[in-house]
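Try each task before you read its solution.

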Amino acid sequence: MPISRRSLAAAALALVLPLSACGSVGDDGGPTDASGKVEGDITFQTWNLRANFKPYFEDLIADFEHTYPGTHVKWIDQPAEGYPDKLSADAAGGTLPDVVNVSPDLVAPLARAGLALDLDKAAGTYRSEYLPGAWASHRIPGMKGTYAFPWYLNTGPLFYNKALFEKAGLDPEQPPKTYDDLFSDALRMAEKSDGKVATLANVPTIEDFGRYGVPLMNRQGTAFTFNSAKGVELLTRYKELYDAKALDPQALTATPESAGKKFLTGAVAMNPGSALDLGNFKKNAPSLYRNIGITDQITSTGHVNMYVMGVMVNSRTRHTPAAVAFAHFVTDARHQMSFAKKVAIFPSTAGSLDDPYFTKEDGTDETRVRVAAAKSLKNAVNYTPVLFSDQMKTALRNEVAKALQGRQSPEEALDNAVNAADRLLRQG
């Protein structure tokens with residue numbers, strides 16, 4: 001799929017896999033043990049990467065085949081549109097490729113249907129090569145195991161307007177780090193500007209609840225839990241911001257583009273972004289650019305949110321050693337670093353983020369953002385539950401809007417959102 005923050009954060013799309021067609025792990029396939037000889041023909045499927053990275057993957061495959069004589073990798077690239085449906089059809093029809101590019105939400109139904117190889121069992125020796133949070137991102141609630149190698153990561157730092165902080169009597173060199181800091185600074189900003197400057201332009205998402213420390217789902221993966229007292233506390237505090245105009249009045253219908261425009265014009269003091277945004281500020285809002293600050297995402301847990309892509313091994317492959325070896329080859333430190341230097345993503349391998357490429361600034365906007373993001377990724381967490389679908393996100397957003405408008409209490413809103421999410425979970 002297109003490599004960007006937005007695409008990496010793409011909402012889960014349901015995969016309808018008839019379990020009767022899936023059988024059990026290893027049925028009609030090769031061994032689940034990956035310790036045998038690496039040989040045979042395998043198929044590798046990526047998600048809309050051929051157009052921009054054809055030479056990279058052709059060289060990678062040639063390198064693998066040279067390293068392991070007797071192997072052959074057939075590369076298939078699917079378009080972004082309809083990718084989940086394609087996986088669903090292949091899974092139901094028994095034509096799922098041996099090695100598949102997935103996101104955590106897409107691997108979940110495949111794992112539950114017995115089609116994703118448990119790498120804790122088949123390739124557990126590789127676990128220490130990856131960041132703990134990245135390896136854990138492809139675990140499924142209610143199941144034991146890890147069902148994809150972590151591949152590339154992304155996250156986004158926060159931009160803030162130092163001039164607006166200073167005007168409100170806040171230290172521009174000490175932006176908020178936790179939600180307590182954020183709420184305090186936001187109310188101060190709104191008060192000092194008579195409600196003309198909001199600090200935020202977006203309503204809380206499931207990631208906000210996670211970064212606030214709200215348990216999002218039970219361990220069995222059978223029910224959501226973000227309507228706990230701590231979840232209600234977070235939404236209640238957002239309601240205070242909304243009433244004080246510390247949360248932009250148009251946040252209920254905000255898009256990334258509209259929020260970006262608010263930040264550009266000085267109506268909002270903080271906004272997530274990327275190096276591309278810095279270039280836009282430099283060109284279209286030079287006064288903002290001169291006063292731009294870069295800080296980590298707000299979190300009260302000490303861990304920011306990450307977006308992650310993975311590489312799954314089909315449990316029915318007839319060449320398990322080759323499929324596992326290739327999935328590991330794609331995602332090992334050397335190849336992740338090479339890929340990261342071609343596009344604005346980050347490696348999930350342990351130690352890679354200590355490379356000077358991710359730690360040394362050279363005065364450019366690109367490195368300012370890259371260094372800031374890489375620093376926060378070392379202990380980042382994928383807060384979005386792998387079972388939290390796009391429909392569930394919409395339900396949460398709708399209920400949050402009602403609470404902020406005062407049409408229902410925060411407690412009622414979250415109870416309704418959890419009930420809707422649980423109902424969709426049972427239907428899935």
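**Exercise 1.** Sort the residues of the lining of the second largest pocket into nonpolar, polar and charged.

*Solution.* The lining divides into 12 nonpolar, 10 polar and four charged residues. Here Ala, Val, Leu, Ile, Met, Phe, Trp, Tyr, Cys and Pro count as nonpolar, Asp, Glu, Lys and Arg as charged, and the others, Gly among them, as polar. Next, look to the centre: of the 26 lining residues, Ala136, Arg139, Pro141, Val381 and Asn382 lie nearest. On a 1 Å grid over the protein atoms alone, a pocket is an open set of points where a 1.4 Å probe fits, with protein on both sides within 12 Å along at least five of seven lines; lining residues have an atom within 4 Å of a point.

Before going on, note that this is a predicted model: local features need pLDDT of at least 70, side-chain atom pairs count only at pLDDT 80 or more, and totals for chains, interfaces and linings use all residues. Residues are numbered from 1 along each chain as its sequence is written, and side-chain values use heavy atoms, leaving out hydrogens and water.

**Exercise 2.** Is asparagine 161 buried or exposed?

*Solution.* Asparagine 161 is buried because its relative accessible area is 7%, and buried means under 20% (1.4 Å probe, protein chains only). Then list its contacts (heavy atoms within 4.5 Å): leaving aside residues up to four places away in sequence, asparagine 161 touches Phe263, Ala269, Leu288 and Asn291.

Definitions and conventions
Buried means under 20% relative accessible area, exposed over 50%, partly exposed in between (1.4 Å probe, protein chains only).
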